[in-house]
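Please look over the sequence and the structure shown below before reading on. The report that follows takes up a few parts of the chain in turn.

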Amino acid sequence: MQAYQALCEYVAEYEEPGRVFVRDDYGNILSSYLECVLKRLELGFTRLELQKNFKAWGLLRTSAKAGHVYAYAIKTGSANNWFFSFRLPKNGEVAA
């Protein structure tokens, strides 16, 4: 859960339009940019390990109608892009 806390803080502090942002109580990181974020934060997880853990913890938002089990489509600009999208803690809720 240390990775969850670090990513929650990252999306809140380092918003980058089209790459990293918060929308509808979810943190969103462009899938192709996720590896760079993981290296920067030095979490010790690979991209796939992180995605599998977030899915197991019930934090990962996915596009049910698409075959992408670890990504969520969000329209940014004129196209849909795939994001690592995860639920953020609500006010008063503590990230374990």
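Does V20 count as buried or exposed? With a relative accessibility of 0%, V20 counts as buried, where buried means under 20% relative accessible area, exposed over 50%, and partly exposed in between, with a 1.4 Å probe and protein chains only.

## Basis of the report

This is a predicted model, in which local features need pLDDT of at least 70 and side-chain atom pairs count only at pLDDT 80 or more, while totals for chains, interfaces and linings use all residues. Residues are numbered from 1 along each chain as its sequence is written, and side-chain values use heavy atoms, with hydrogens and water left out.

V20 lies in strand β1; helices (H or I, at least four residues) and strands (E, at least two) are DSSP runs, numbered from the N terminus. Leaving aside neighbours within four places in sequence, V20 is in contact (heavy atoms within 4.5 Å) with Y10, V11, Y14, E15, N28, I29 and Y33. The C-alpha atoms of V20 and L30 are separated by 6.5 Å, although these residues are 10 residues apart along the chain.

Strand β1 (residues 20-23) runs antiparallel to β2 and is joined to β2 by four bridges; two strands pair if DSSP finds at least two bridges between them. The two strands form a hairpin with two residues between them, and D24 in the turn has a positive phi of about 55°.

Strand β2 (residues 26-30) has four of its five residues buried, and β2 also pairs with strand β5 (residues 79-87) in the antiparallel sense, over five bridges. N28 of β2 is the bridge partner of F21, and the bridge partner of N28 in β5 is S85.

In α2, the residues L34, V37 and L38 are buried. They lie on the same side of α2, because they cover an arc of only 100° around the axis, the arc being that of the directions from the helix axis to the C-beta atoms. The buried residues of α2 pack against α1 (2-13), β2, α3 and β5.

Helix α2 (residues 34-41) and helix α3 (residues 47-56) pack at an angle of about 95°, with their axes 10 Å apart; axes are lines fitted to C-alpha atoms, for helices over the stretch in contact, and angles run from 0 to 180 degrees between N-to-C directions. The two helices are therefore roughly perpendicular to each other, a term for angles of 65 to 115 degrees. L34, E35 and L38 of α2 make the contact with R47, L50 and Q51 of α3.

Technical notes:
Parallel < 35°, antiparallel > 145°, perpendicular 65-115°, else oblique.
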